[in-house]
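Hi everyone, thanks for coming. Let's take a few minutes to look at how two parts of one chain sit against each other.

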Amino acid sequence: MEDAQDKPHAIMVPCPLQGHVVPFVHLATKLASNGFTITFINTEKIHLQITKSAPTNTTQDDIFTEARKSGLDIHYATINDGFPLGFDRFLNSEQYMEGLIHVFPAHVDNFVGKLVLKNPQVTCLIADTFFVWPSMIANKYNLVNVSFWTEPAMVFTIYYHLNLLKINGHYASHDNREDAIDYIPGVDSIEPKDLPSYLQAPNTIGVAVRMIYKAIFEDVKEADFVLCNTVQELEPKTISALQEKQPFYPIGPTFLLNGFTKTTVATSLWSHSDCTQWLQSKPRGSVLYVSFGSLAFCSKEDLAELAHGLLLSEVSFIWVLRPGILGSDDTDFLPVGFEDEIKDRGLVVPWCCQISVISHPKVGGFLTHCGWNSILDTIWFNVPMLCYPLFTDQITNRKLVVDDWKIGLNLCDRKPIRRDEIAENINRLMSGKSANDLKKNMEKIKEKVENAVSSAGSSEKNVKQFIGDLKVKISQVGR
Ligand SMILES: O=c1ccn([C@@H]2O[C@H](COP(=O)(O)OP(=O)(O)O[C@H]3O[C@H](CO)[C@@H](O)[C@H](O)[C@H]3O)[C@@H](O)[C@H]2O)c(=O)[nH]1
């Protein structure tokens, strides 16, 4: 029998969200192609949503069936998150988060306990940094504790140094300081307005969210290794500073780690509308892609203003309007006559295969909420961004895109957003000098990413380094 460190068996648990399941699946595939055995866990709810959304001919009980046929040793299991399948987790997000903190860990514990008993080769837990329980479970079952962070290192280090923000009066005081923050290791300077949203308005967000961030960044300090879906050359100072605290490996973008091939693993939570035929008739680089990811809510007023801005811009667009984007069952939010007015200039879809759309040569700009996966997707396909961050890390991600890397523009500089400013910025994104400048900067950033995922690049090297370090750790833990 092989030693446990020669063929590590890792349990992988993503946070039950679209933007987390996707990078976890790519990482699982990468590790399995490097000789790991993986047991991948989705919640029953996520599994149901994925299988319901997959094309009927591919619906499977096990999303890794095809991957296994190609020789990868990936097992799949689903566990209960503490709520009935019919419970609406988004409309009851506060209650859901309480459940993820207090109930979900008991289900994970139960599952891991049984698996470890049956299978002594299980040596490692790779859990989403967003969970509060990994160190408890890793310690209980003597597993190497690996935390996977799906956002940029900049955001990680801000939460990691929450205490510094508090001591210095930039967070959690009655009257937070408004001057620049220049004491976080590896971050030159950041304005309070660029902090993740949860750190800006501590009194208006739920208690559960605040508890989660405090708890997860206490827990991650116990991890043996931290993996991050970023690129060393994009955030060098921040990453070096973090590496002085903990073994921290930038290994992104994970969707490129297996070469850019279409994955056989179903991950989408909604069915894809096909946009390729509609795109065919458009001139090269002329279409704006608009999407706000899987999680963020918009107000009815802002969506109406966006719709008017798109009309005024006269640009062709594909707009992903996810079901539930208003945070309610309301579906009646587009201005009267909008669909007639856009005719064949605009296509509104509930969801699509984002990679297929932004890789299409007809697409020339991306109006995005600045979800980290979307930023990585669009860098790879050289599509400049118009940034409309809505909450959480998206606020800080915008700073990276617009202020630091200069590969995107702000949608509006003030709130509430205004249709004339939206239209003007859409046009600046899609044509003229500003568009050319953005494209030139984008080429430089893309080159860094391209180098990182090449066989001698930093992300590939960091994956190898992580695997080597993990094997040493496994031999020391001696399961
Ligand atoms: O129509 C669509 C829209 C999105 N996607 C995919 O869905 C994912 C979306 O991820 P992301 O852009 O990161 O947005 P969210 O779904 O909003 O992701 C959550 O998780 C991210 C990673 O932690 C955070 O950066 C975000 O702020 C948070 O909202 C990406 O893989 C996209 O390729 C599609 O396939 N089709």
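So, to start with the spacing: the C-alpha centres of domain 1 and domain 2 are 27 Å apart. The bounds, which come from an automatic or database domain assignment, are 9–265 + 454–477 for domain 1 and 276–450 for domain 2.

A word on what you're seeing: this is a predicted model, where local features need pLDDT of at least 70, side-chain atom pairs count only at pLDDT 80 or more, and totals for chains, interfaces and linings use all residues. Residues are numbered from 1 along each chain as its sequence is written, and side-chain values use heavy atoms, with hydrogens and water left out.

Now the interface. Counting contact as heavy atoms within 4.5 Å, 34 residues of domain 1 meet 30 residues of domain 2. Together the domains bury about 2,600 Å², with 67% of that from carbon and sulfur atoms; buried area here is the accessible area (1.4 Å probe) that two parts lose on being put together, summed over both. On the domain 1 side, D194, L234 and F255 give 21% of the buried area, more than any other three residues.

And which residues form the salt bridge? The side chains of D194 and R398 do, at 3.2 Å, N to O. The rule (a side-chain nitrogen of Lys or Arg within 4 Å of a carboxyl oxygen of Asp or Glu) finds one salt bridge across this interface.

That's my tour, and I'm happy to take questions!
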